[in-house]
Amino acid sequence: MITTFGGYSPRFFVWTEIMGMNHWPGEITGRSRRLAEGRLRSMIEDFIQQHRLPAEFYRDIEAYYLPLAIWLAESHQTNNTLVVGISGGQGTGKSTLAEFIGQALVQLGFNCCTFSLDDIYLTQSQRRQLSHEIHPLLRTRGVPGTHDVPLGMETLAALCKSNEQSRIPLPRFDKSKDERVPKDLWPVHKGRVDIVLLEGWCLGARPSATPLQPINSLEGSEDASGVWREFINRQLEGPYRELFNWIDTMVMLRAPGMEAIFMWRKLQEKKLRDRTGAGMQDVELDRFIEHYERITRNLMLDMPTWADCVLFLGEDHRVQGSWLSRGRGE
């Protein structure tokens, strides 16, 4: 059952209906305030400093991030592993949110494990083979079809079956080399796992409606026949659906629009160029993001209709409001 806003279902939500609304139950917000001002204060301050976040980010943590961690803790059932998915477009802050929640849950007494869809990308040789056999665009990592889905499911299965004696290797991918890290260098999670935090930009995505007409210059000029798009759709209908079925609770960071994602990624890339002298120029970045535009747009429309929790971001990249599905937060 899904909460509605002023007579609108979330499928047709009005943005102004949601902005600024916080639907955390009172007992959760009260506990969050007490923890933020007490036993977790130093952890929060250290987190903000380590990530070079603005001081005002403390408000986002107290009002949204920490209540979410508490809510997930209360959702956990003893002797079961809760798998939490964190989805959102590029640059929305998924890894920052996942890292904070993981640290907070550890402070609350839970054994947590965090990993990303980015950690199970196919190797360069595997993607090169796909690019020859199916479509050249599959050489670029990111879209459904460029992940090692069986590896992801094997890892989740091992984490969900973990016990005190477990030693579970966690996949890692080196983006600077565009290659998977050798298995003997993967970190190993030791012991049981209460809560798994799995984050990824296309996590929970569902197939596009047909016909798949081009929506940007990349699709129009480099996939005019639609082979690449159809392949991605088949992946979402089959293996990725099986992977996403492992998720018990879905959290979404919802950007205000595709334009904001382009803007945030360009700012990130500019900072990288200023700091290192390396990084994509705007024209290169536009083409790169166009690989993910279709799925990102679909997620922004579709996922708020069924996700368990949605955090709505403003143009300034700050959380403006939250929404919980009926029965989970009310």
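**A conversation about the model**

A: Let us begin with Glu-99, which counts as partly exposed at 34% relative accessibility. Please keep in mind that this is a predicted model.

Q: Where is the place of Glu-99?

A: Glu-99 is found in helix 5, which covers residues 94–107.

Q: And which residues is Glu-99 in contact with, leaving aside its neighbours within four places in sequence?

A: They are Phe-47 and His-51. With His-51 there is also a polar contact between the side chains, at 3.2 Å.

Q: How far apart are the C-alpha atoms of Glu-99 and Phe-115?

A: Their separation is 9.6 Å, and the two residues are 16 residues apart along the chain.

Q: New topic: is Arg-127 buried or exposed?

A: Arg-127 is buried, because its relative accessible area is 1%, and the cut-off for buried is under 20%. This residue belongs to helix 6, residues 124–133.

Q: Which side chain does a polar contact join to that of Arg-127?

A: That of Asp-178, at 3.0 Å. Beyond the neighbours within four places in sequence, the contacts of Arg-127 also include Leu-122, Phe-173 and Thr-146.

Q: What about Lys-190, buried or exposed?

A: Lys-190 is exposed, with a relative accessible area of 60%. It lies in strand 6, residues 188–190, and touches Ser-166 and Arg-167 when residues up to four places away in sequence are not counted. Its C-alpha atom is separated by 40 Å from that of Arg-229, a residue 39 residues apart from Lys-190 along the chain.

Q: Now the helices. At what angle do helix 2 and helix 4 pack?

A: The angle is about 115°, and the axes are 9 Å apart. The crossing of these two helices, helix 2 and helix 4, is right-handed. Among the residues that make the contact are Ile-28, Leu-35 and Ala-36 of helix 2, and Leu-66, Ile-70 and Trp-71 of helix 4.

Q: How many nonpolar, polar and charged residues does that contact of helix 2 with helix 4 have?

A: It has 8 nonpolar, 1 polar and 5 charged residues.

Q: Which residues touch the most other members of the largest nonpolar core?

A: Leu-66 and Leu-68 do, in a core of 95 residues. Helix 4 supplies the largest share of this core, 12 residues.

Q: And what is Leu-66 in contact with, leaving aside its neighbours within four places in sequence?

A: Its contacts include Ser-32, Leu-35 and Ala-36, as well as Phe-100 and Ala-104.

Methods
Residues are numbered from 1 along each chain as its sequence is written. This is a predicted model: local features need pLDDT of at least 70, side-chain atom pairs count only at pLDDT 80 or more; totals for chains, interfaces and linings use all residues. Side-chain values use heavy atoms; hydrogens and water are left out. Helices (H or I, at least four residues) and strands (E, at least two) are DSSP runs, numbered from the N terminus. Buried means under 20% relative accessible area, exposed over 50%, partly exposed in between (1.4 Å probe, protein chains only). A polar contact is a pair of N or O atoms within 3.5 Å; within protein, one must be able to donate a hydrogen and the other to accept it, and residues adjacent in sequence count only if both atoms are side-chain atoms. Contact means heavy atoms within 4.5 Å. Axes are lines fitted to C-alpha atoms, for helices over the stretch in contact, and angles run from 0 to 180 degrees between N-to-C directions. A crossing is left-handed if the near helix is turned anticlockwise from the far one by less than a right angle, and right-handed if clockwise. Ala, Val, Leu, Ile, Met, Phe, Trp, Tyr, Cys and Pro count as nonpolar, Asp, Glu, Lys and Arg as charged, and the others, Gly among them, as polar. A nonpolar core is a set of buried Ala, Val, Leu, Ile, Met, Phe, Trp, Tyr and Cys residues joined through side-chain atoms within 4.5 Å.
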